[in-house]
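This briefing gathers a few points on helix geometry, helix packing and nonpolar cores, grouped by topic for reading alongside the coordinates.

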Amino acid sequence: MITLILSDLRANARVWVGILLVAAAAGFAASIGAGLLETANAYEGPTRKALQNASSPVLIFSGFTALVVLSSTANLTVSLQRRSYALWQIFNVRPILVALIVELQLAIVSALGAIIGAMLSAVAFRRLFEFLFASWNFSTPVEPHTNISTLIAVILAIIAVVVTAGLRGARNAAITSPLQALTEPEPPKIRMTWIRYLLTALAVAATYGLVSMMVDGDVQTVTSTSILIAPAIVMIMAAAGPLLLPLTLRAWTWIVPARVSTSWYLARHAARYRVTQSTATISPLMVGIGLAGGIYTCVEILAEYVRQQSGDASGYVLEPGQAVQLLGGPLLIAGIGAAATVFMSGGARQREIALLQAAGSTQRQIAVSSILEAVIYTLTAMLLAFIAVVTTAFIVSSSLGMSLTGIHYLSILIVTALGFALILTASLGPTIAALRRDVTRTLAGV
């Protein structure tokens with residue numbers, strides 16, 4: 001069995017590298033947050049409180065993003081290899097053993113990625129700590145702390161998330177008949193499971209509780225709570241992703257007629273057809289844009305409120321160190337996750353591209369359709385994130401008795417542009433490589 005596991009990992013390295021990179025990013029970000037919390041616990045009084053307040057958002061935002069991205073990437077990893085698992089069953093590998101092997105593979109790769117991320121965080125933690133808290137005036141000198149037990153806890157948490165997220169995919173791989181897996185051209189669409197319904201309900205309840213606190217609370221309550229509104233709303237969207245994301249993608253791409261160009265027609269139908277990959281790509285980017293835009297928007301609204309009350313809002317500015325502290329981890333995980341999911345499926349596209357060429361599509365049309373597909377993913381994520389940001393702005397503004405104001409468009413556009421660049425790079429590179437392959441040999445599986 002060990003030979004089969006390792007051989008499959010080598011043979012499908014392109015698919016497995018996605019979960020490896022995402023686990024490494026999650027391990028790095030989570031280890032930094034855990035290190036900040038451990039440093040806080042090493043001190044007393046105001047120093048401990050200040051560091052705890054600084055570490056809590058890092059852990060919450062990075063942990064939430066890691067949960068979304070790791071789950072979607074794990075599911076996509078299993079979905080992309082249904083044919084391989086079907087072949088195993090043809091060669092008398094029992095279904096229960098198939099499921100066990102899938103889970104072991106997920107555990108091995110996620111553990112390796114998390115270890116790499118944790119080791120990188122251990123190397124970078126001191127310098128990053130000095131950067132984040134360069135302008136802070138602590139009552140006592142602060143020495144950053146981290147130890148192996150903290151890193152091990154982070155690694156085990158990441159493995160647990162990945163293995164748990166892959167349970168449904170492993171079960172499907174075991175119970176799907178070989179004939180069905182080998183004849184169906186596309187993995188089954190992701191659906192809302194009871195876990196997703198539960199997470200959606202919990203996110204809705206959390207959002208309702210936060211809004212109630214802000215509506216009934218004073219200015220201090222609104223100020224301290226507002227930063228959590230955007231993550232809560234984005235969590236609702238991420239948990240309900242299998243329902244919300246494909247519907248949004250279809251809705252806005254339908255507005256642009258298919259007759260606009262052949263490349264647009266190919267891109268739109270490819271994004272709609274590969275709904276599993278589309279959801280796995282859009283979710284991380286949506287989370288990244290929503291968190292960045294939501295947090296910056298909250299700061300803008302609070303600054304405007306203070307400006308109206310006292311005329312001086314100089315203290316309500318998100319400094320570079322604070323921005324990195326709050327958003328560095330989530331954006332790192334989201335960016336790598338969005339790009340990795342596109343890159344993972346590049347190998348599966350080779351035959352599709354060869355079929356398009358055999359049907360008469362030009363290389364230029366195929367390359368442009370790849371670019372437009374990246375545009376579709378990016379704009380879908382931005383549209384959903386923008387809805388979350390506007391909702392956040394409305395809730396915070398209303399709680400302060402203000403009209404809707406303060407939406408921070410720049411942060412939304414910057415994160416969207418960075419996400420598009422990553423997705424385009426991960427998409428266009430494999431497409432160009434596939435266009436250089438011989439069509440006959442690709443179709444023949446050589």
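In this predicted model, helix 9 (residues 194-216) has 23 residues, which at 1.5 Å a residue should span 33 Å, and its end C-alpha atoms lie 33 Å apart, in agreement with that expectation.

**Helix 9 and its surroundings**
- Along helix 9, the buried residues are Arg196, Thr200, Ala203, Thr207, Leu210 and Met214.
- These buried residues pack against helix 10 (219-225), helix 11 (229-239), helix 12 and helix 17 (363-399).

**Helix 12 against helix 14**
- The axes of helix 12 (residues 241-255) and helix 14 (residues 275-310) come within 10 Å of each other and cross at roughly 95 degrees, which makes helix 12 roughly perpendicular to helix 14.
- On the side of helix 12 the contact is made by Gly241, Leu245, Pro246 and Leu249, while helix 14 contributes Val275, Ser278, Thr279, Ile282, Ser283 and Met286.
- Sorted by class, this contact of helix 12 with helix 14 holds 6 nonpolar and 4 polar residues, with no charged residues.

**Nonpolar cores**
- The largest nonpolar core has 57 residues, of which Met286, Val287, Ile289, Ile376, Leu400 and Ile423 touch the most other members, and helix 14 gives the most to this core, with 13 residues.
- Once its neighbours within four places in sequence are left aside, Ile376 is in contact with Leu249, Trp252, Thr253, Trp264, Ala267, Arg268 and Ala271.

Notes: Residues are numbered from 1 along each chain as its sequence is written. This is a predicted model: local features need pLDDT of at least 70, side-chain atom pairs count only at pLDDT 80 or more; totals for chains, interfaces and linings use all residues. Side-chain values use heavy atoms; hydrogens and water are left out. Axes are lines fitted to C-alpha atoms, for helices over the stretch in contact, and angles run from 0 to 180 degrees between N-to-C directions. Helices (H or I, at least four residues) and strands (E, at least two) are DSSP runs, numbered from the N terminus. Angles under 35 degrees count as roughly parallel, over 145 as roughly antiparallel, 65 to 115 as roughly perpendicular and the rest as oblique. Contact means heavy atoms within 4.5 Å. Ala, Val, Leu, Ile, Met, Phe, Trp, Tyr, Cys and Pro count as nonpolar, Asp, Glu, Lys and Arg as charged, and the others, Gly among them, as polar. The expected span of a helix is 1.5 Å times one less than its number of residues. Buried means under 20% relative accessible area, exposed over 50%, partly exposed in between (1.4 Å probe, protein chains only). A nonpolar core is a set of buried Ala, Val, Leu, Ile, Met, Phe, Trp, Tyr and Cys residues joined through side-chain atoms within 4.5 Å.
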